[in-house]
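Subject: Structure handover

Hello,

Here is the structure I promised to pass on. Please open it first, then read the notes below.

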Amino acid sequence: MFKTKREPLFHLVKRIDVSKKYAWAVRIGAFLLSILVCAAISSLLTDKSIGFFFKYLFNGTFGTKRTIWNLFHETAILLLVSIAVTPCFKMKFWNIGGEGQILMGALGCSVALVFMGGKSSDGATIVVSLILAFVFGIAWAVIPAFFKARWNTNETLLTLMMNYIAVCLVNYFIKSVASSSTGTLTFKDGLVEPIGGNQFILFIIVSVVLTVLMWVYLKYSKHGYELTVVGESENTSRYVGINNKLVIIRTLILCGALCGLIGFLLVSGVNHSLGDATVEGRGFTGLLISWLAHFNPLAMGLTSFLFVFIDNGASQVSNYARLGASYPKVMTGIFFLFIIATEFFINYKIVFKKMKLKEISSNGDKDIDKEVKEPQENDIDIPKDDNNAQEGITEMIIKEKI
Amino acid sequence: MHINAVQMVGVTKTFGSVVANKDVNISIRKGEILAILGENGSGKTSLMNMLAGIYFPDDGKIFVNGEEAIIKSPMDAYKHKIGMIHQHFKLVDLFTAGDNIILGEEAPDFDIKAKKTLLKEERINITNNKWKKFLIDLKIVCLPLGKLVAKLKFNWLSRDRVKVVQAVADKYGFDIDLNKKIYDMSVSEKQTVEIIKVLYRGADILILDEPTAVLTPQEIEKLFVVLRGMRDNGKSIIIITHKLNEVMAISDRVSVLRKGELIATVDTKDTDEKRLTEMMVGERIELNIERTTPKNVKKRLSIHGLTCRNREGLYALNNISFSVNSGEILGIAGISGSGQRELLESIAGLQKIELGVIQYDDPKTEKIVDLRAKTPNQIKELGVRLSFVPEDRLGMGLVGNMDLTDNMMLRSYSKGHSIFLDRKSPTELAQTIVKDLEVVTPNMKTPVRRLSGGNVQKILVGREIASAPTVIMAAYPVRGLDINSSYTIYNLMNKQKENGVAVIFVGEDLDVLLALSDRIMVICSGKVSGIVDARNTTKEKLGMLMTSIPEEIEVFSEPINEN
């Protein structure tokens, strides 16, 4: 019956001061680890070496001139989407309707292209399609904002549901304009000409400029300050005399305008077509990117680049290893899982039993109150099941979070 | 030699780089009341949280009744008969008191055999009633079903536990209705529920975290009687507090903590308040509030018949009338939640008013300005320099995640026509406040939520004073602050008063209100129950006014000096 007393194997301690260096080191480490895990899984699935994975991962991203341009182009689109939703998130307005807002912008642009394309001059068509894209995008963002400001409705549900309305509207529009089409409309006239013959460069320029502007807006402008205060505490903003309703609606107008612009660029500059899959789910990926970068526009550049890197590279790997269309999704899923898990390691420290013992022995002798006879550690046996330990830990997490 | 109910040996706990407790040795004997005394942030609560299983110590050992105990969760603490009553009650509002007490308790094992023999014995005693015999047979057959139900933890089976709870309450002389819902209860009743809960779970060691902070003097006396009764029943009681008079009144021994370390443990009868203060603060300090007689008293704010409702649609303020003068401090006393918050927020333009008049006498233009139904911005535009230190510092007055400069900017950022922020003057203001008020901060970029309560309050009060106000309203400005910081705030308020500012000070410590204010207005459930001269009144009288409204309401007004 000699059992040593069981101390919990480890317990969690919240880190109070997390240095930025440490946080970034953990994140970059997680990225590298996620690539390694991706490589391991791929080689298990294909009986090919890990080198095969890395070869085509880089081949698909930095292999040819075209793949490099494509990498940056995709990054720019994703970055612009995350930039567009960032002011809402910074205000803690959980706008998950980026997808729908962009799609509405695309619809607005298409409306102009259908009715003006080839009939009036290209310049006029472009201007009108841009304006319509803005109007449609803003409308889709302002409706939930108005409801939130006026009746305090739940913005998450409202913006999510409006995505589906947008998809239906686009399908309805396509059917009513070209009833025999296969679900996409293609355009030939009134489109934005590629700059210098390179169809990729427009998006890259726009997204770099807007990223910097958004960074300045959030950090140095009065509007950016106001929306941060509203997001942090509505009571404080009321207390200092900020008009919460106005700020919410104003910010969502900005967000809608940016989404409309993306819709316009996608239709007029890149795809030259409209379908219900024009946005390709980037509206949702973009908000994840924004979250992971902690709403910092500059960090979003890096995060979206890494995402596109894995996505494009994995597509190439799956092409050569015949792994199917879902393979890149699995790989990006692994990437997100790792990056999200880092938040735990950044905020908590795991203290193991062994580490503790080491610390104690290095501390040397301890003065123990003479009043107590030190009990024999070995002859007490308190059985404790693991459930209990789990409970203790979760309890601790909850308490310390508070 | 005494038997130690609990002994903590060399206990250390750190949070990041902050050391909450360092090598603390503390013991409590059976049948005594131990007071743990210390300023805020001295590690009293975190020490006790380790005993209650909320934190796990980084180092050190805990012995319960002489045996080492590993306390990983509150459940473990209950197993060792340790129960803690937290400062913020952890009760479900919609449940009754009885339900709250039995909530989370493991159902006792359903023992089929014991119940069977019990029923069989009963059956033997019945001889001539066939129907009753049949019923008992049926009960025996159904016993496995009962076991299943108990296993599924259907709560209705444990309803009869409420009877056991009632027995516990009666034993210690608690007067409480266990069928009352928590939301119908006063703060002291809720506390009673928490105490009964801990006793019902069989705790022999009770930890009370600042139990008197929310009670009136009369309720405190009642609590102390109960605590003494429990001590005489052989329970060990640990009471965390920073109020010296209570330590002297209730405890047998005192352990003093300072900055996470144990300074000393002394017998209460061998010490006095002065020595305890020195141990607690670490230096000899003068604890005097210098109250000057008001000079240049002129009417600044007058409020008539102010009435408003809270979110639930109940009257939070009911026909409140009073006036505030320049160069005086008007203290506001009352049980927390009697309408203090709504009163200050109405004046600041944050609360919708149903009825009433709020008038401001502008000292510059000598005109009367109507402040009723104005937004904070409109009040600012009218040239009324009103400063408000709200009760909820980080939830209303400041933004916890922002740094000092950005918090300074809250009041001033909208000045000027530029679309960009001017961070220069707020940075200067932040530096001045840090220097003048001795704010302890790692650097200017630290988010304010990381600072201690006292420092946060200094920043807030500093910012509010910086705008050269004519009226300052402060709601519980020293709540949770240590002695030194509290006195800094008192002195700041006094200085503002001498500068001719009208100060409204909502407080909870009656001793402080009596020493600081010129007049004290007592409010009781949204009504004025008296305005008294702070120099000629007693704590007991205030306590009476806080709990009941007298038939004739006394209104004392400062002689107004028209020169």
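Start with Ser255(B). Beyond its neighbours within four places in sequence, Ser255(B) is in contact with Ile26(B), Leu34(B), Ile36(B), Leu262(B) and Thr265(B). Keep in mind that this is a predicted model.

Where does Ser255(B) lie? Its place is strand β9 of chain B, which covers residues 253-258. Is Ser255(B) buried or exposed? It has 24 other C-beta atoms within 10 Å. The cut-off for a buried residue is 20 or more, so Ser255(B) is buried. Now look for His417(B). Ser255(B) and His417(B) are 162 residues apart along the chain, and 58 Å separates their C-alpha atoms.

Next, the two chains.

Chain A has 402 residues, and 40% of them are buried. Its secondary structure comes to 15 helices and four strands. Take the contacts in chain A with a separation of 6 or more: 79% of them are between residues 24 or more positions apart.

Chain B has 563 residues, of which 42% are buried. It holds 20 helices and 20 strands. Its C-alpha trace spans about 100 × 55 × 55 Å along the principal axes. Here, too, count the contacts between residues at least 6 apart in sequence. In chain B, 69% of these join residues at least 24 apart.

Now the domains of chain B.

- Domain 1 is 4-106 + 160-281.
- Domain 2 is 112-152.
- Domain 3 is 297-385 + 470-563.
- Domain 4 is 395-467.

Look at domain 3 and domain 4 of chain B. Their C-alpha centres are 26 Å apart. How many residues of each are in contact? On the domain 3 side there are 11, and they meet nine residues of domain 4. Helix α18 of chain B (residues 483-498) gives the largest share of that domain 3 side, with five residues. By class, the domain 3 side that touches domain 4 of chain B has five nonpolar, four polar and two charged residues.

Then turn to a pair of helices in chain A. Helix α2(A) runs over residues 50-62 and helix α3(A) over residues 65-90. Their axes come within 6 Å and cross at roughly 80°. Angles of 65 to 115 degrees count as roughly perpendicular. So α2(A) and α3(A) are roughly perpendicular to each other. Which residues make the contact? From α2(A) come Gly60(A), Thr61(A) and Phe62(A). From α3(A) come Thr67(A), Ile68(A) and Leu71(A). Three of the residues in this contact are nonpolar, three are polar and none is charged.

Last, the nonpolar cores. The largest one has 172 residues. Which members touch the most others? They are Ile262(A), Met473(B) and Phe505(B). Helix α10 of chain A (residues 244-271) supplies the largest share of this core, 12 residues. Find Ile262(A) next. Leaving aside its neighbours within four places in sequence, Ile262(A) is in contact with Leu80(A), Val81(A), Ala84(A), Ile102(A) and Gly105(A). There is also a second, separate core of 64 residues. Val24(B), Met84(B), Val198(B) and Ile239(B) are among its members.

Best wishes

How values were computed: Residues are numbered from 1 along each chain as its sequence is written. Chains are lettered from A and ligands numbered from 1 in the order in which they are written. This is a predicted model: local features need pLDDT of at least 70, side-chain atom pairs count only at pLDDT 80 or more; totals for chains, interfaces and linings use all residues. A nonpolar core is a set of buried Ala, Val, Leu, Ile, Met, Phe, Trp, Tyr and Cys residues joined through C-beta atoms within 7 Å. A residue is buried if 20 or more other C-beta atoms lie within 10 Å of its own, exposed if 12 or fewer, and partly exposed in between; C-beta atoms are placed from the backbone. Helices (H or I, at least four residues) and strands (E, at least two) are DSSP runs, numbered from the N terminus. Two residues are in contact if their C-beta atoms, placed from the backbone, lie within 7 Å. Domain bounds come from an automatic or database domain assignment. Ala, Val, Leu, Ile, Met, Phe, Trp, Tyr, Cys and Pro count as nonpolar, Asp, Glu, Lys and Arg as charged, and the others, Gly among them, as polar. Axes are lines fitted to C-alpha atoms, for helices over the stretch in contact, and angles run from 0 to 180 degrees between N-to-C directions. Angles under 35 degrees count as roughly parallel, over 145 as roughly antiparallel, 65 to 115 as roughly perpendicular and the rest as oblique.
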